[in-house]
Amino acid sequence: MEDRKKTKKELTSAYKQKPEEGGVFLIRNTATGKVLLDSSPNLAGQKNRFEFAKATKSCIHKKLEKDWKTYGCDAFEFEVLEELRQGDAQSSSEFAEDVKTLLEIWEEKFSGDRY
């Protein structure tokens, strides 16, 4: 029993220290071609949030609300543009700053109709 508790504690600790995968993504309105360009230090969580919003037919972002109601949630898709992995020695705040910088780079080179 003692070994089992130790293993569980080690697994929990390893999970909490697991580096994140963040990056830049967009949400595209396939009916109009407009996109919302954004970033997150947790891409998997952002993707899950998007899928949950579609499943519950609730809008994921205020900027999308009007078109979400007009075209429906099925008109929107989630696309990862670039991923960034958190370094082992990098703090969460340092990683978040790197992700924001990556978004700024994408905003400069991205052309197209945006929200």
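**View 1. Meet the largest nonpolar core of this predicted model.** Among the 13 residues that make up the largest nonpolar core, the ones that touch the most other members are I27, F50, I60, L64, W68 and F76. Everything shown here and in the views below comes from a predicted model. At least two residues of this core are supplied by each of β1, α2 (43-56) and β3. Helix α2 gives the largest share, three residues.

**View 2. A closer look at I27 and its surroundings.** Setting aside residues up to four places away in sequence, I27 touches K34, V35 and L36, together with F50, I60 and L64, and also F76, E77 and F78.

**View 3. F50 and W68, an edge-to-face aromatic pair.** The structure holds four aromatic pairs, and F50 with W68 is an edge-to-face one. In general, two numbers describe such a pair: the distance of the ring centres and the angle of the planes. For F50 and W68 the values are 6.5 Å centre to centre and 90 degrees between the planes. This pair links distant parts of the chain, since F50 belongs to helix α2 and W68 to helix α3 (residues 65-71), 18 residues apart.

View 4. F78 is buried, its relative accessible area being 12%. If you widen the view, you will find one aromatic cluster formed by F25, F50, W68, F76 and F78.

**View 5. Helix α4 and its buried side.** Helix α4 (residues 92-109) has 18 residues, which at 1.5 Å a residue should span 26 Å; the C-alpha atoms at its ends are 26 Å apart, so the two values agree. The buried residues of α4 include F95, V99, L102, L103 and W106. Why do they lie on the same side of α4? They do so because they cover an arc of only 105 degrees around the axis. As a reminder, an α-helix has 3.6 residues a turn, so residues three or four places apart point the same way. On the other side of α4, S93 and E108 are exposed. Among the elements covering the buried residues of α4 are β1 (21-29), β2 (35-40) and β3 (76-85).

**View 6. K109 and the ring of W106.** Which ring does the charged end of K109 sit over? The ring is that of W106, and the charged end of K109 is 4.1 Å from its centre. W106 is itself one of the buried residues of α4.

**View 7. S39 and its contacts.** S39 has its place in strand β2. With a relative accessibility of 17%, S39 counts as buried, because the cut-off for buried is under 20%. Leaving aside neighbours within four places in sequence, S39 is in contact with G23, V24 and F25, and also with V99, K100 and L103. Of these contacts, V99 and L103 are among the buried residues of α4.

Methods:
Residues numbered from 1 in each chain as written. Predicted model: local features only at pLDDT ≥ 70, side-chain atom pairs only at ≥ 80, totals over all residues. Heavy atoms only, no water. Helix = DSSP H or I, 4+ residues; strand = E, 2+ residues; numbered from the N terminus. Expected span 1.5 Å × (residues − 1). Buried < 20%, exposed > 50% of the residue type's maximum accessible area, 1.4 Å probe, protein only. Arc of directions from axis to C-beta. Contact = heavy atoms within 4.5 Å. Core = buried A, V, L, I, M, F, W, Y, C linked by side-chain atoms within 4.5 Å. Phe/Tyr/Trp six-rings, centres within 6.5 Å; stacked < 30°, edge-to-face > 60°. Lys NZ or Arg CZ within 6 Å of the ring centre and 35° of its normal.
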